[in-house]
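Thank you for asking for comments on this structure. The note below is set out as numbered points, to be read beside the sequence and the coordinates.

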Amino acid sequence: MEQRYSTFSLLLINVTRCVQKIKNAEMAALGLKGTQVQCLFGLYNSPDGANLKQLCEICGEDKGMLSRTVKELTAQGLVYTDTAGGRRYKNPILLTEKGARIAGIVAEKISAFLEKGSAGLSDGERTQLYRSLSLISENLTEICKNYAPTAGREQA
């Protein structure tokens with residue numbers, strides 16, 4: 001049991017660190033930050049744009065972090081918010097022409113690194129890996145729903 005926990009945790013930590021390192025290095029070459037990858041990629045795959053709430057769901061990021069990212073990308077001329085109607089935070093965020101070009105490059109890089117990262121896996125193995133990780137993610141998410149903030153809780 002302890003070995004399973006250790007192996008699982010260390011593998012996830014290593015994968016996360018490697019992904020962050022690759023994102024940071026590849027985005028630096030484009031004058032961007034690694035944290036902007038999810039936002040650009042999410043919008044690239046949402047041709048009609050997405051409001052901030054939708055973008056949070058697409059990217060799996062919190063609203064504050066994405067709000068800052070959208071602000072940075074707007075300042076760089078890569079995204080804009082369609083303010084044609086309604087409240088600003090409900091309006092779609094869209095890629096500019098320049099943003100679409102950059103997001104296309106990001107998508108190509110993601111595709112290339114997915115291919116390299118999964119080298120040696122058959123399509124069936126890859127499908128099973130994602131199925132297994134999805135189930136683990138769902139199970140852990142359900143467990144986490146039962147936890148309240150830890151401030152003031154006694155340690156066992």
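1. The model under discussion is predicted.

2. Helix α2 and its cover. Helix α2 spans residues 37-44. Within α2, the residues V37, C39, L40, G42 and L43 are buried, each having under 20% relative accessible area. The cover over these buried residues includes the helices α1, α3 (52-59), α4 and α5, together with the strands β1 (79-81) and β2 (93-95).

3. Packing of α2 on α5. The axes of α2 and α5 lie 9 Å apart, and the two helices pack at an angle of about 105°. Because angles of 65 to 115 degrees count as roughly perpendicular, α2 and α5 are described as roughly perpendicular to each other. On the α2 side, V37, L40, F41 and Y44 take part in the contact, and they meet A100, I102, A103, G104, V106, A107 and I110 of α5. V37 and L40 are also among the buried residues of α2.

4. Packing of α3 on α4. The axes of α3 and α4 come within 10 Å and cross at roughly 110°. L52, L55, C56 and C59 of α3 make the contact with K63, L66, S67 and V70 of α4.

5. Residue Q38. What surrounds Q38, beyond its neighbours within four places in sequence? Q38 is in contact with K23, C59 and E61 when those neighbours are left aside. Q38 belongs to α2 and has a relative accessible area of 28%, so it is partly exposed. V106 is 68 residues from Q38 in sequence, and the C-alpha atoms of the two are 9.6 Å apart.

6. Residue A100. A100 is located in helix α5 and is partly exposed, with 34% relative accessible area. Leaving aside neighbours within four places in sequence, A100 is in contact with Y44 and L95. Y44 is one of the α2 residues that meet α5. I58 is 42 residues from A100 along the chain, with 17 Å between their C-alpha atoms.

7. Salt bridge between K109 and E26. A search of the whole structure returns four salt bridges. One of these pairs K109 with E26, and the closest N and O atoms are 2.7 Å apart. The pair links distant parts of the chain, as K109 is in helix α5 and E26 is in helix α1, 83 residues apart. Both partners are partly exposed: K109 has a relative accessible area of 25%, and E26 has 22% relative accessibility.

8. Salt bridge between E72 and K33. The side chains of E72 and K33 also form a salt bridge, at 3.1 Å from N to O. This pair links distant parts of the chain as well: E72 is in helix α4 (residues 63-75), while K33 is in the loop between α1 and α2, and the two are 39 residues apart. E72 is partly exposed at 26% relative accessible area, and K33 is partly exposed at 45%.

9. Salt bridge between R126 and D123. The R126 and D123 side chains meet in a salt bridge with an N to O distance of 2.8 Å. R126 and D123 are three residues apart in helix α6, so about one helical turn separates them. D123 is exposed because its relative accessible area is 57%, and the cut-off for that class is over 50%.

10. The nonpolar surface patch. Which residues form the nonpolar patch on the surface? The patch consists of F8, L12, L114, L121, L129, Y130, L133, I136, L140, I143 and Y147, with about 950 Å² of accessible area together. The elements giving two or more residues to the patch are α1 (2-28) and α6 (123-144). Helix α6 gives the most, with six residues.

11. Residue L121 in the patch. L121 is one of the patch residues and lies in the loop between α5 (97-117) and α6. With a relative accessible area of 34%, L121 is partly exposed. Residues qualify for a patch at over 30% relative accessible area.

Definitions and conventions. Residues numbered from 1 in each chain as written. Predicted model: local features only at pLDDT ≥ 70, side-chain atom pairs only at ≥ 80, totals over all residues. Heavy atoms only, no water. Helix = DSSP H or I, 4+ residues; strand = E, 2+ residues; numbered from the N terminus. Buried < 20%, exposed > 50% of the residue type's maximum accessible area, 1.4 Å probe, protein only. Contact = heavy atoms within 4.5 Å. Patch = residues over 30% accessible without salt bridge, like charges linked within 9 Å, V, L, I, M, F, W, Y side chains within 5 Å. Areas by Shrake-Rupley, 256 points an atom, 1.4 Å probe, with all protein chains shown as cover. Axes fitted to C-alpha atoms, helices over the stretch in contact; angles between N-to-C directions. Parallel < 35°, antiparallel > 145°, perpendicular 65-115°, else oblique.
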